[in-house]
Amino acid sequence: MTATIETEPGNTTVHREPAVRLTGIGKTFRDGGAAVLDGIDLDVAPGEFVCLLGASGCGKSTLLNLVAGLDAPTQGSVEVPSGRAALMFQEAALFPWLTAGENIDLALRLRGLSGRRERRAETERLLDLVRLGGAYDKRPHQLSGGMRQRVALARSLAQDAKVLLMDEPFAALDAITRDVLHEELVRLWEATGLAVLFVTHNVREAVRLGQRVVLLSSRPGRVARQWRIDIPQPRRIEDKAVADLSVEITDHLRKEISRHGR
């Protein structure tokens, strides 16, 4: 089975009205400083799962922060036509003095849901959706790392955004927990129809999850290459097609790292 449709940098691979559109994005953090991002053009379609790969320091997280509205580009424009994007970090970042349910409830209140019963019902629904039914009254310290990330995911879903931004959310988890959460994330993505922009440094994780993998060059970050992933879900990280494509992408990633080092 072929697993890729490769596109050259700058080519448009999605032709629907985008959920996210990045045009000519450049970013520096101080006057006269080196560019972190340079000339990024990238569309994410509604319901598309896109994984961003690149060497450490290439600007992946910076790009996610720009889409989330936490920072502004130095050049270019960021468009999120749905009006909002939810951001999930590597750490769960739950408030330790609140229960799992209360952490989600806070997101619902910030979203503008005022009815206590309505919020409780929605919180319970979201906990069920991430397979944590019955955990409303558990505090973060009572939950495993994987369970805390499930709560963080439910909290992100509570924002009712059409775009979910994920910044290496499983990097700190053990391999088995990470594999389980891969399955859960794909299930939730298929159930919700969200557009997902997922940052990772793990090539196999990107191929395991994404419909498209975008490789950023070393600093300044530019779109170096893209792959369409035609391997049907559900995928396993040890599947031959996943492994073969991962080797191909890793070769290109090594070239980018080597080019940066010279």
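## A proline between two strands

Proline 220 sits in the loop that links β9 (212-216) to β10 (223-229). Helices here are DSSP runs of H or I with at least four residues, strands are E runs of at least two, and both are numbered from the N terminus. This is a predicted model, where local features need pLDDT of at least 70 and side-chain atom pairs count only at pLDDT 80 or more, while totals for chains, interfaces and linings use all residues. Residues are numbered from 1 along each chain as its sequence is written, and side-chain values use heavy atoms, with hydrogens and water left out.

Back to the proline: the peptide bond running from arginine 219 to proline 220 is cis, with omega near 0°. Proline 220 counts as buried at 19% relative accessibility. The cut-offs are under 20% relative accessible area for buried, over 50% for exposed, and partly exposed in between (1.4 Å probe, protein chains only). Leaving aside residues up to four places away in sequence, proline 220 touches Ala35, Val36, Leu37 and Asp38; contact means heavy atoms within 4.5 Å.

## The whole chain

Zooming out, the protein chain has seven helices and 10 strands. Its radius of gyration is 19 Å, close to the 18 Å that the globule rule gives for 262 residues, so the chain is as compact as a globular protein of that length. That radius is taken over C-alpha atoms, and the rule is 2.2 Å times the number of residues to the power 0.38. Along its principal axes, the C-alpha trace spans about 55 × 45 × 35 Å.

Of the 262 residues, 50% count as buried. Take the contacts between residues at least 6 apart in sequence: 73% of them join residues at least 24 apart. The chain exposes about 12,500 Å², with carbon and sulfur atoms supplying 48% of it; areas come from the Shrake-Rupley method with a 1.4 Å probe, and for residues only the protein chains shown count as cover.

## Helix α4 and what covers it

Helix α4 covers residues 145-157. From its first C-alpha to its last, α4 reaches 19 Å, close to the 18 Å expected for its 13 residues at 1.5 Å a residue. The expected span is 1.5 Å times one less than the number of residues.

How many of α4's residues are buried? The count is 10 of 13, which leaves α4 mostly covered. Among the buried ones are Val151, Leu153 and Leu157, along with Arg150 and Arg155. The cover over them includes β6 (86-88), α2 (100-111), α3 (116-129), β7 (163-167) and α5 (175-192).

Helix α5 has 18 residues and reaches 25 Å end to end between C-alpha atoms, close to the expected 26 Å. Its buried residues include Leu181, Leu185, Leu188 and Trp189, and also the charged Arg178, Asp179 and Glu184. They pack against β4, α3, α4, β7, β8 (195-199) and α6 (203-209).

In α2, 12 residues should span 16 Å, and the end C-alpha atoms are 17 Å apart, which agrees. The buried residues of α2 include Ile104, Asp105 and Leu108, and their cover includes α3 and α4. Just after α2, glycine 112 takes a positive phi of about 110°.

## Loops worth a look

Another cis peptide bond joins glutamine 233 and proline 234, with omega about 0°. Proline 234 is in the loop between β10 and α7 (240-261).

Two residues other than glycine have a positive phi: alanine 93 at about 55° and glutamate 168 near 45°. Alanine 93 is in the loop between β6 and α2 and is partly exposed at 48% relative accessibility. Glutamate 168 is in the loop between β7 and α5 and is buried, with a relative accessible area of 16%.

Is serine 56 buried or exposed? Serine 56 is exposed, with a relative accessible area of 76%, and its place is in the loop between β4 (49-53) and α1 (60-68). The C-alpha atoms of serine 56 and valine 151 are 27 Å apart, and 95 residues separate the pair along the chain.
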